[in-house]
Amino acid sequence: MRKWLPRLILLVLIAMSPIAFFTPLQAEELDRGIRITAKSGESFFLYKDYYALVIGVSEYDEWPDLPNAANDAREVASALESLEFNVRLLLDSTSRQLTDALKQITFHVGQEQNLALLLYFAGHGDTLELADGTELGYLIPKDCPLKQADPIGFDDKAISMKELESLALKVKSMHVLMMFDSCFSGSLFNLVRAAPVDINEKSASPVRQFITAGGAGEQVPDRSVFKMVFLDGIKGYADLNGDGYITGSELGMHLQDKVVNYTRGGQHPQYGKINNPKLDKGDFIFRLAGPRAMEEPAKAIISVESNMDRAMVFVDGMEVGLTPLADVMLSPGDHHIEVAKEGYEPYRRSIRIEIGGSLSLYVDLIAAAPRTAQLSSDMESYAEKDRAFSNAVGMKFVLMPVGTFTMGSRPYEQERDSDERPHLVTLSKAFYMQTTEVTQDQWKKVMGKNPSHFQNRGDNCPLEMVSWNDAQRFIGKLNHIEDTDKYRLPTEAEWEYACRAGTTTAFYTGDCISVKQANYNGQQPYKNCPKGNYRKSPAVIGAFPPNKWGLYLMHGNVWEWCQDWYGDYPSQPVTDPEGPCSGDARILRGGSWFSPARDLRSACRGRYDPGLRDDDIGFRLVKDP
């Protein structure tokens, strides 16, 4: 049995000023924006658009897993999409990924005044007693150590409520609403209670609102009643005055009433506004979908049992839980079911389920026969005498053969992410891949000045502290030096193909990796693999063995920029994919010296703003024949 531990859901809704009362808008912005009409008949501009970042952490390195946290995040993301939010879903995020995401929201989207932004976190929470006897709550990301075992590591990785309060105050948007579904105790903020009032021009004033799922010391189970009531609320049940909109105050009152009732007094949600005369006048305004918003949605139910406990269950390619799995809500219609566990043949079945219907499946998984990796490739071209060369600045390249491979992670791969949908990729053109990451010496020969943070590690260490844009400038100068246009960054598909070198396992070293094979944070090993030392800096390029195709450090050392914008994978086989035509983040691959082992997996996808730099980000090049 798993102990009940603090479980936390953070929801931040960042709304923008009703500009009709503050800043003039262009006519085209008013046309495409969102307007509301108060009971008085007064109409005013609300937001230009809605955005949401939804984060769920189910699989933890040291804390007990929370199977329903990721499911809660998916449910919230789906509900928000139905309300025309632009939603980004992030699952099982590390401390660095969570911090980066929060800062991106605060200092990028959150600086735009005419948007509504929602941030949702589902996962563990904990409490730390401070010197003055007060208690401070924390969010717990995937790689956070246990507080008792490693208090310094806990303080380094966990995200405190004070940090979140600080970020909320740095946002330039007018309205901020934070919701915490948690059982951590302590005084989060000094709140003042405000009764719901009709929408009027005062609603446009700045506000910071907060709602918690319970009082101090109250436990919140993994199956969240608070989340269920919240989802019902935004369908229309929290519209207490029937005006077609939900304010933050209405939502707080609705949650307080219903959660206490449904938990039989086990949880007592608290709500209010920050006690600040400049930030307590307004009220967040949530637009309903329309007149049908309060109708009960059509539902169907599926349950799955298996001869193997903790087998992963996928519905239409999305992981929904582990066996035994009971009472999962589905939309009526056709669905594809897959049940998978490492070491067993996956079970697949297409089903049709009617409105109000239910289906129970029992799946008998069969042990898989030993397999050898297969790769379709033109090995004759790979064996040609010109399969390797060095250029004028000492960069070595080796020819990658044409071939077909499965890109993405297997459904049963440990610690996989939801954006790693497996699909067949054919690369129809051979290409040369640089055998190492670009070194500090190679950069200086082309660009002159060395921007690396770890210059003391020597010229033969990888270059870091370079953005995607910096890499493009390097490529332009190198092409000019060699009078060619053949050098470029690899596509994401080329990078994974070259990294795998014919393997189908989590790493090109197999389903385990050690600090003797790659440079990463050995204190955060892959599932069931041994711990090792943490070097805390990049290693020289020849410090670890290459993969079967002669490429060094494809796992760890520094993240490597790829050419592609980040986006969803296709569901059908593709040839020579180049990713989306546009986006807001470029792909990073391979993990780094700072990363936990899971980020080194061949299928793991990183992403970052193309203009940003970090001391664990570099790149390697390809050259077209």
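# Close-up views of a predicted protein chain

**View 1. Strands E25 and E26 lie side by side.** Strand E25 (residues 403-407) pairs with strand E26 (residues 423-427) in the antiparallel sense, over five bridges. Two strands are said to pair if DSSP finds at least two bridges between them. Helices (H or I, at least four residues) and strands (E, at least two) are themselves DSSP runs, numbered from the N terminus. Gly403 has Leu427 as its bridge partner in E26. Which residues of E25 form the covered face, and which the uncovered one? Gly403, Phe405 and Met407 make up the covered face, while Thr404 and Thr406 make up the uncovered one. In a regular strand, side chains alternate between the two faces of the sheet.

**View 2. The whole chain, for orientation.** This is a predicted model, in which local features need pLDDT of at least 70 and side-chain atom pairs count only at pLDDT 80 or more, while totals for chains, interfaces and linings use all residues. Residues are numbered from 1 along each chain as its sequence is written, and side-chain values use heavy atoms, with hydrogens and water left out. The predictor's confidence in each residue is called pLDDT and runs from 0 to 100. The protein chain averages a pLDDT of 80, and 82% of the residues score at least 70. Take care with residues 1-32, where pLDDT stays under 50, and with residues 371-385, where pLDDT also stays under 50. The protein chain holds 11 helices and 34 strands. Of its 625 residues, 55% are buried; buried means under 20% relative accessible area, exposed over 50%, and partly exposed in between (1.4 Å probe, protein chains only). Contact means heavy atoms within 4.5 Å. Among contacts between residues at least 6 apart in sequence, 72% join residues at least 24 apart.

**View 3. Strand E9 is covered on both faces.** Six of the six residues in E9 are buried. His175, Leu177 and Met179 are on one side, and Val176, Met178 and Phe180 are on the other. E9 pairs with strand E11 (residues 207-212) in the parallel sense, over six bridges. Met178 has Phe210 as its bridge partner in E11.

**View 4. Five strands form an open sheet.** The order is E23-E24-E27-E34-E28, and the pairing is antiparallel. Strand E23 (388-390) and E28 stand at the edges with a single partner strand each, so one side of each has no neighbour in the sheet. Three bridges join E23 to strand E24 (residues 396-400). Ala388 stands opposite Val398 in E24. Helix H11 (residues 492-500) packs on the sheet and touches E24, strand E27 (431-434), E28 and strand E34 (622-623). The direction of H11 makes about 70 degrees with that of E27; axes are lines fitted to C-alpha atoms, for helices over the stretch in contact, and angles run from 0 to 180 degrees between N-to-C directions.

View 5. The expected span of a helix is 1.5 Å times one less than its number of residues. The 14 residues of helix H10 (residues 468-481) should span 20 Å, and the end C-alpha atoms are 20 Å apart, which agrees. The buried residues of H10 include Trp468, Phe474 and Leu478. Among the elements covering the buried residues of H10 are helix H9 (440-447) and strand E29 (559-565). At the start of H10, a side-chain oxygen of Ser467 reaches to within 3.3 Å of the backbone nitrogen of Asn469. Asp483 follows H10 and has a positive phi, near 55 degrees.

**View 6. Asn557 sits in a loop and is buried.** Asn557 is in the loop between H11 and E29, and counts as buried because its relative accessibility is 0%. The side chain of Asn557 makes a polar contact of 3.1 Å with that of Glu437 and another of 2.9 Å with the side chain of Asn519. A polar contact is a pair of N or O atoms within 3.5 Å; within protein, one must be able to donate a hydrogen and the other to accept it, and residues adjacent in sequence count only if both atoms are side-chain atoms. Leaving aside neighbours within four places in sequence, the contacts of Asn557 also include Pro462, Pro538 and Trp593.
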